[in-house]
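Subject: The model you asked about

Hi there,

Here is the structure for you to open alongside this email. Below it I have written up what turned up when I went through it.

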Amino acid sequence: MTSSLPVERAPVSPWALSAFWFGTAFHWLVILLSLVPANVLHFVGEAHKGTYVGLLTLIGAAMALIIPPIVGAQSDRRGRRLPYLRLGVGVNVVGLAVMAGAVSGLSGMGGFWVYVLGFLLVQFGNNYATAPYSALIPQLVPVRERGRYSGAMGMLQAAGQLLGAVGALVVSLLKLPDAALFALVGVMLLLPALVTVRGVGDADRAAPVTPASAEPEQPWTALFAYRPFLWVFVTRALFALGQYSVQPFLQFYNRDVLKQASPVTSNLYMLAAIIVASILSALVGGRISDRVGRKPVIYVAGTTMAVTALLFLVAPGFGAALGLAVVFGLGYGAFTSVDWALGSDAMPSRASYARDMGIWHVAFVAPQFIGGPQGALLDWGNAQTPNLGYTLVFGIAAVFFALGVVLVRNVPERVAPTGPQPA
């Protein structure tokens, strides 16, 4: 007799399943934190650099909000993920080629709008691939193994970011053209995608998406009537607002405040320091949270990030700023180690994990919109008084981090999911 119980083991390796996340982490770190700031300065000049970096941030955030729900719903109906991954990666690579061509052969606002076209293709392709890909863990991995798989995904994400910073730094030190870095990004996206496609293989065809239970599906708006989810969503959004208030402008901070002769290179050193420190604290933070709870770790992590954001404004030089980057990374890593666990604890039902986690992820994506007004504020402040814009932007980031620390008190510890339980 055929058993109706779910499989005990996932049909794919956690490392193969998570490989595409490694490539995506490499891809976005290099593009958003190295290439885009330098390329925008090349096209639009000094006076408007913050505004146009903010514009690209807004475009990316809008596409990340609109495309995944639409493509994800279509993928759910079809019951397949890999065809979307293949097509999305293909469009993404074409977009990288357009961006590289614009930087290599064009200048001025005409070149900038061609660059924006390439950026649109990159955003469309990556979001088209990522939305269905994100459903592979709930589709293929039993509940009891999802923590291990999520841990592998987190490790590969951090490794991809670190390798992205190192790769961009090497290209900068060798004084290679930006086209070389775009080519590296394309290769580092394609190869991990192939690993995931081969690793998942027949499992994607063998496991079409079906309803998790016979109970009627609750509307997504009902999630926000569930207070644990509401407060996790709000606090995650606040921490993301703090991150995106500053992240797009770090290269400009290195140039204008720290007076670095090579702001691209110094920014990459700073990013590498943040990432290495975050890997170290992430390994410890999750284990500590299992013993003392999620919220105490977030209290320490958020306070560390808020204070460090302010200290960046009074750093006497690059060495001090690099040390602050390490401290900030320790706080950030501790926060990320608890972030997914706290969110999972607050899910209202195991029957709708994939949908609910996807909506929860909006709390991380939507705050990218802050880059637009923050970029304009940066330019306005700097036009009034030298570097006043950085005081405003970093100060606002500290306020967001502090609010996240204060409001996370409203999140109950380890809320037990309701709904159908695994067999």
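At what angle do helix H15 (residues 371-384) and helix H16 (residues 388-407) pack, and how far apart are their axes? The angle is about 140 degrees, and the axes are 6 Å apart. Axes here are lines fitted to C-alpha atoms, for helices over the stretch in contact, and angles run from 0 to 180 degrees between N-to-C directions. That makes H15 oblique to H16; angles under 35 degrees count as roughly parallel, over 145 as roughly antiparallel, 65 to 115 as roughly perpendicular and the rest as oblique. On the H15 side, the contact is made by Gln374, Leu377, Leu378, Trp380, Gly381, Asn382 and Gln384. Leu388, Gly389, Tyr390, Leu392, Val393 and Ile396 make it on the H16 side. Contact means heavy atoms within 4.5 Å. Sorted by class, the contact of H15 with H16 has eight nonpolar residues, five polar and no charged. For these classes, Ala, Val, Leu, Ile, Met, Phe, Trp, Tyr, Cys and Pro count as nonpolar, Asp, Glu, Lys and Arg as charged, and the others, Gly among them, as polar.

Before going further, please note that this is a predicted model, in which local features need pLDDT of at least 70 and side-chain atom pairs count only at pLDDT 80 or more, while totals for chains, interfaces and linings use all residues. Residues are numbered from 1 along each chain as its sequence is written, and side-chain values use heavy atoms, with hydrogens and water left out.

**The chain as a whole**

The protein chain has 16 helices and zero strands. Both are DSSP runs numbered from the N terminus, helices being H or I with at least four residues and strands E with at least two. Of its 423 residues, 53% count as buried, where buried means under 20% relative accessible area, exposed over 50% and partly exposed in between (1.4 Å probe, protein chains only). Among contacts in the protein chain with a separation of 6 or more, 84% join residues 24 or more positions apart.

Helix H3 (residues 82-105) and helix H7 (residues 178-200) pack at an angle of about 175 degrees, and their axes are 9 Å apart. H3 and H7 are therefore roughly antiparallel to each other. Residues of H3 in this contact include Leu82, Val89, Leu96 and Val103; those of H7 include Phe182, Leu189, Ala193 and Val200. The contact of H3 with H7 has 16 nonpolar, four polar and two charged residues.

H7 also holds Val195, which counts as partly exposed at 43% relative accessibility. Leaving aside neighbours within four places in sequence, Val195 is in contact with Ala16 and Ala19. Val195 and Ser18 are 177 residues apart in sequence, yet 9.1 Å apart in space, C-alpha to C-alpha.

**Two buried residues**

Lys49 lies in helix H2 (residues 49-78). Is Lys49 buried or exposed? At 3% relative accessibility, Lys49 counts as buried. Not counting residues up to four places away in sequence, Lys49 touches Val40, Leu41, Val44, Phe252, Arg255, Asp256, Asp379 and Tyr390.

Ala237, in helix H9 (residues 227-246), is buried too, with a relative accessible area of 15%. Ala237 touches Ala363 and Pro367, with residues up to four places away in sequence not counted. Between Ala237 and Pro367 there are 6.4 Å in space, C-alpha to C-alpha, and they are 130 residues apart in sequence.

The structure holds one cavity of 30 Å³ or more. On a 1 Å grid over the protein atoms alone, a cavity is a set of points where a 1.4 Å probe fits but cannot get out, and a pocket is an open set with protein on both sides within 12 Å along at least five of seven lines; lining residues have an atom within 4 Å of a point. Grid points are joined across faces, edges and corners, and a volume is the space filled by probe spheres set on the points.

The largest cavity has a volume of about 50 Å³. H9 gives the most to its lining, with four residues, and the lining includes Phe239, Ile298, Phe335 and Asp339.

The second largest pocket holds about 180 Å³ of space. H1 supplies the largest share of its lining, four residues.

Best wishes
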